[in-house]
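Have your viewer ready, with cartoon and surface display at hand. We will visit some open space and then some charged pairs.

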Amino acid sequence: MKQKLAVIGAGSWGTALAVVLADNGHDVRLVARRQSQVDEINRFHTNEKYLGHVQLPETLTAYLAMEDAVKGVDAIILVVPSKAMRQTVQALVGVLDQPVPIIHASKGIEPNTYKRVSEVIEDAAAGSPYVASITVLSGPSHAEEVALRQPTTVTVASRQESAAAYAQELFMNQQFRVYTNPDLIGVEIGGALKNIIALVCGVTNGLGYGDNTKAAIMTRGLTEISRLGVHMGAQPLTFSGLTGLGDLIVTCTSVHSRNWRAGHMLGKGKSMEEVLEEMGMVVEGIRTTQAAYELAKKENINMPLTEALYAVLFNGVDPIKAAEDLMGRVKRNEVEELFRLD
């Protein structure tokens, strides 16, 4: 059934998801931050800064004013950086006049509060009657490939089974397969923390280390993600699925990954400030590293890869020294750690 949908956030991922929804026959309104971007999308059906020369569906319409875009919509898809989520939701509830489901596709943990994105949305909405439900969409998916209609699988999760099923129905098509998962916590934690591990993989690649190192980081990284996730209430099996292992593979092994690219530049000797200036886009893993490090310390959770990356990013530790410290830690039992995730 055709739906009226507002996608807030016209970066690479928001635009790619808008393409999927437009392909499915929905009336899609894409909210951008700049008038020049709105004009480009509406006149030329491209969003070149974020998706190169990918041709966007002509049925996709860009808006500058969020208030205009959300009038009469059946659902809202939030695809803004996690650091902008709280402010965006506060603005959104101020212009809504009817309850609508919220689907977010952002990944991160808020520093200081340590809230997952769905919790930030709930908090920012402050009990607004206009947020009917909250669903997360996550999984191994590069925006560039989704926009080119290459086969992709993702997961949607919500506390309400009907909300997850609705999101699945909106997005599912022949190229974009959508699964449901009742574990909202696990899906959000997996999607957020994999960016930390991708940064570490990028750093080690920049240092000249090879596949042995990458395999070790991804495997031990998954253990760290599972350890913190289960402590926060996630189901262990979620981390063997698309938003755990799957997302980890795609983010740690591809040059499309902005977190991997940022880590690679760090490994080549650039400072965090230089990396962010050169990237020109949000690197979610940096902010998430700070939040996860502080949360792990607070909850006494062992996360050595996260600690090492935090030291490099925020304490100026040389990446080679951080790698040596990781390899020189006390002896551990791998199997014992795998089965005792708490």
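Helices (H or I, at least four residues) and strands (E, at least two) are DSSP runs, numbered from the N terminus. The model is predicted, so local features need pLDDT of at least 70 and side-chain atom pairs count only at pLDDT 80 or more, while totals for chains, interfaces and linings use all residues. Residues are numbered from 1 along each chain as its sequence is written, and side-chain values use heavy atoms, with hydrogens and water left out.

**Stop 1: the largest pocket**

A pocket is an open set of points on a 1 Å grid over the protein atoms alone, where a 1.4 Å probe fits, with protein on both sides within 12 Å along at least five of seven lines; lining residues have an atom within 4 Å of a point. Volume here is the space filled by probe spheres set on the points, which are joined across faces, edges and corners.

The largest pocket has a volume of about 1,200 Å³. Select Gly11, Val79, Val80, Pro81 and Arg258: of the 46 lining residues, these are the closest to its centre. Now colour helix H5 (82–93), which gives the most to this lining, with 5 residues. By type, the lining holds 18 nonpolar, 17 polar and 11 charged residues (Ala, Val, Leu, Ile, Met, Phe, Trp, Tyr, Cys and Pro count as nonpolar, Asp, Glu, Lys and Arg as charged, and the others, Gly among them, as polar).

**Stop 2: the second largest pocket**

Next, select Arg220, Leu305, Leu326, Met327 and Arg329, which lie nearest the centre of the second largest pocket, among its 31 lining residues. This pocket holds about 700 Å³ of space. Show helix H10 (211–231) as well; H10 supplies the largest share of the lining, 8 residues.

**Stop 3: salt bridges**

There are 14 salt bridges in the model, each a side-chain nitrogen of Lys or Arg within 4 Å of a carboxyl oxygen of Asp or Glu.

Start with Arg86 and Asp123, whose side chains meet at 2.8 Å, N to O. Arg86 sits in H5 and Asp123 in helix H6 (residues 117–125), 37 residues apart.

Then move to Asp247 and Lys107, with closest N and O atoms 2.9 Å apart. Asp247 lies in helix H11 and Lys107 in the loop between strand S5 (100–104) and H6, so this pair ties together parts 140 residues apart in sequence. Are these two residues buried or exposed? Asp247 is buried at 1% relative accessible area, and Lys107 is buried at 16% (buried means under 20%, exposed over 50%, partly exposed in between, with a 1.4 Å probe and protein chains only).

Finish at Lys298 and Glu299, which meet at 3.1 Å, N to O. Lys298 is exposed at 58%, and Glu299 is partly exposed at 29%.
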